[in-house]
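Have a look at the sequence and structure first, then read on.

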Amino acid sequence: MVLMDLLVRRCSRTTPRIVSVVAQSEGIEPERMARAIAAGRIVIPKNPNRKHVPCAIGEGCHVKVNVNIGTSGPHCDPALEIRKAKAAISNGADAIMDLSTGGNLLSIRKKILTLDTTVGTVPVYEAVRRAGNAADVDADLLFRVIREHCRQGVDFLTLHCGVNRQALAALRADPRVMGVVSRGGAFHCAMMVQRDEENPLFAEFEYLLEILAEYDVTISLGDGMRPGCLQDAEKLAKSVEYVTLGTLAQKALAAGVQRMIEGPGHMPLNQVGYNVRMIKEITGNAPLYLLGPIVTDLAPGYDHVVTAIGGATACMHGADFLCMVSPSEHLALPLEKDIVEGTRIARIAAHIGDTARRPEGYRDKREVAMANARKDLDWKEQFRLALYGDVAQEIHARDGELDTCSMCGDLCAIKVVKEIFEEKGRKKKKK
Ligand code: SF4
């Protein structure tokens, strides 16, 4: 226990008791998890100022799902956003990010913080709202908002520390079709260009780490330069930002601040693997939180499916944390039903990612049980095992109570083969 305490305290005030409970839920030896936390390969975002069931993100852990909710200027209904957050949690979300930019931001955040889940925010959004526009946000205001979020109990903060002068120079030297599509990234670019100053989160990174260490809050190093379309995937700015994030990740680890990395945006499917592996290598295998990858720009309305394909592929190469994309992505603020659909699809992608991260020869018990239930045409068991059995049951029930399903009916291959083997078995017994 002493060793574990030492290991954990090297990178956060997370207690050995929390590590033990979380490790148990992941099926990992507590000491192994503590070592991974100390080495920065796993994080447990958990603000000591708030009680909730935490989760672990990173090496050897199940892939986690975050769901973004939040009001916007044109659409501000805080009660709806709380309902969305609750719907996301009951459909499998492990974390909620409050990205509200409309209405009373403190009051919305306070309500989100009462939920029994890991909560993240992007403080620069609130700083811009308070200042009126991005160019009027100064370092004092930004750090004040960050401190307030920490004090209020937020578990992890997305902070775009890698959007610095070097990244801006790369953007200018190798222009992109979509420029900057990260909202936080765009705000920091506006602050830097209009004020002719370095990003304070980069320039004062050591001070930022002091604040985060004081409140034991995890930093999610934002990918402000993520590409916004497939054509931009190979442009320079994102790679320059990766390298900066690698340096900052090392500094955070040395300062005892838990950190994860965000990436990599829109890109063709064949580029996902090497981007994930590159980020992991540059950042010392820090937990990787994915926004996307959106692997085609041609399917608005189905971007939740597009992201699931990119996300599962990324998990196969080492990504740890998926951000839900709803069917409304790129089109409108999501409705509650979009959040439910998006969360379910992200959860499925996370499960597929999990199966791809297992060691060779590993057999998932639930997958094995499902195969047996299918072989036995045991519908009740199939619905129980399914990730979303309610939907499966509803579809199966459309054509009444059949022992097969209405796809092939009396020509059901499973039934035909079963009957042949049962008949053969009976004949053998008679002999
Ligand atoms: S009827 Fe066809 S689709 Fe349905 S369970 Fe049998 S083999 Fe599968």
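## Spaces and rings in this model

Helix H14 is the top contributor to the lining of the second largest cavity, giving four residues. This is a predicted model, in which local features need pLDDT of at least 70 and side-chain atom pairs count only at pLDDT 80 or more, while totals for chains, interfaces and linings use all residues. Residues are numbered from 1 along each chain as its sequence is written, and side-chain values use heavy atoms, with hydrogens and water left out.

**A few terms first**

- Rolling a probe the size of a water molecule over the atoms shows where empty space is left.
- On a 1 Å grid over the protein atoms alone, a cavity is a set of points where a 1.4 Å probe fits but cannot get out, whereas a pocket is an open set with protein on both sides within 12 Å along at least five of seven lines. A lining residue has an atom within 4 Å of a point.
- Grid points are joined across faces, edges and corners, and a volume is the space filled by probe spheres set on the points.
- Helices (H or I, at least four residues) and strands (E, at least two) are DSSP runs, numbered from the N terminus.
- In the class counts, Ala, Val, Leu, Ile, Met, Phe, Trp, Tyr, Cys and Pro are nonpolar, Asp, Glu, Lys and Arg are charged, and the others, Gly among them, are polar.

**The cavities**

- The structure holds two cavities of 30 Å³ or more.
- The largest cavity has a volume of about 80 Å³. Its lining includes Asp 98, Leu 99, Tyr 125 and His 149, and helices H5 (105-112) and H6 (123-131) each supply at least two lining residues.
- By class, the lining of the largest cavity has four nonpolar, three polar and three charged residues.
- The second largest cavity holds about 60 Å³ of space. Among the residues lining this cavity are Gly 292, His 304, Cys 323 and Ala 349.
- Helix H14 (303-316), strand E10 (321-323) and helix H15 each supply at least two residues to the second largest cavity. Its lining has eight nonpolar, four polar and no charged residues.

**The largest pocket**

- The largest pocket has a volume of about 1,100 Å³.
- Two or more lining residues come from each of strand E3 (64-69), helix H4 (78-90), helix H9 (183-195), strand E8 (259-266) and strand E9 (288-294). The largest share, four residues, comes from E9.
- By class, the lining of the largest pocket has 22 nonpolar, 17 polar and nine charged residues.
- The charged end of Arg 183 sits over the ring of Tyr 125, 4.3 Å from its centre. To count, NZ of Lys or CZ of Arg must be within 6 Å of the ring centre and within 35 degrees of the ring normal.

**The second largest pocket**

- About 680 Å³ of space lies in the second largest pocket. Of its 24 lining residues, Met 370, Arg 374, Gln 382, Ala 386 and Ala 392 are the closest to its centre.
- Where does the second largest pocket lie? Domain 1 (61-357) and domain 2 (366-430) both give residues to its lining, so the pocket lies between them. These domain bounds come from an automatic or database domain assignment.
- The lining of the second largest pocket has 15 nonpolar, four polar and five charged residues.

**The aromatic rings**

- The structure holds six aromatic pairs. Rings of Phe, Tyr and Trp (its six-membered ring) pair if their centres lie within 6.5 Å; planes under 30 degrees apart count as stacked, over 60 as edge-to-face and the rest as tilted.
- Phe 156 and Tyr 289 form an edge-to-face pair, 6.3 Å centre to centre with 85° between the planes. This pair links distant parts of the chain, with Phe 156 in strand E6 (residues 156-159) and Tyr 289 in strand E9, 133 residues apart.
- Phe 156 is buried at 0% relative accessible area, and Tyr 289 is buried at 1%. Buried means under 20% relative accessible area, exposed over 50%, and partly exposed in between (1.4 Å probe, protein chains only).
- Phe 156, Tyr 289 and Phe 321 form one aromatic cluster.
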